[in-house]
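Here is a quick, friendly tour of one protein chain. Have a look at the model first, and then we'll walk through a few of its residues and one of its pockets.

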Amino acid sequence: MKRSSIRSLLHLAVIVAVLSEFPVLADGAKPRRRKKSGKKEAADGSNSMTRVGTTLKITYALLFLPILITFFYSLYRDPATPQIMKALWNIAKKKSMGYLGRPEEVDLENKRA
């Protein structure tokens, strides 16, 4: 990807992250009524902490998704990726299944002559 397109994606992510904070900030500015008794949630089942958590998740997604997309796109475009994946697969097979072909080891301590 070109440097300008990466920069524009980063700017877009920052703008969306900043704009997504406005509902949380506006909600904090409303005057609160006193609760009658006990701690009850809103009728829709959400409270301010879940909205903050959702906002943080969206912010992190907007920040990290362009990075991950760029990484996987570069893996897709790299001509050496199939050979590397085959080599890693063979190593993993050898490490995980290599013991199956060996004969049982003899326990010399418990074996009587």
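Predicted model: local features only at pLDDT ≥ 70, side-chain atom pairs only at ≥ 80, totals over all residues.

Let's start with V52, which is partly exposed, at a relative accessible area of 30%. (Buried means under 20% relative accessible area, exposed over 50%, and partly exposed in between, using a 1.4 Å probe and protein chains only.) V52 sits in helix α3.

Residues are numbered from 1 along each chain as its sequence is written, and side-chain values use heavy atoms, leaving out hydrogens and water.

Helix α3 also holds T59. Here are the two residues together:

| Residue | Relative accessible area | State |
|---|---|---|
| V52 | 30% | partly exposed |
| T59 | 16% | buried |

What does T59 touch, not counting residues up to four places away in sequence? The list is A17, S20 and E21, with contact meaning heavy atoms within 4.5 Å. A polar atom of the T59 side chain also lies 2.8 Å from the backbone oxygen of T55.

Zooming out, the chain has four helices and zero strands. (Both are DSSP runs numbered from the N terminus: helices are H or I, at least four residues, and strands are E, at least two.) Of the 113 residues in the chain, 6% are buried.

Now for the second largest pocket, with about 150 Å³ of space. A pocket is an open set of points on a 1 Å grid over the protein atoms alone, where a 1.4 Å probe fits, with protein on both sides within 12 Å along at least five of seven lines; lining residues have an atom within 4 Å of a point. The volume is the space filled by probe spheres set on the points. Its lining includes I6, R7, L62 and T70. Helices α1 (3–20) and α3 (48–77) each give two or more residues to that lining.

Notes. Polar contact = N/O pair within 3.5 Å; in protein donor to acceptor, adjacent residues only side chain to side chain.
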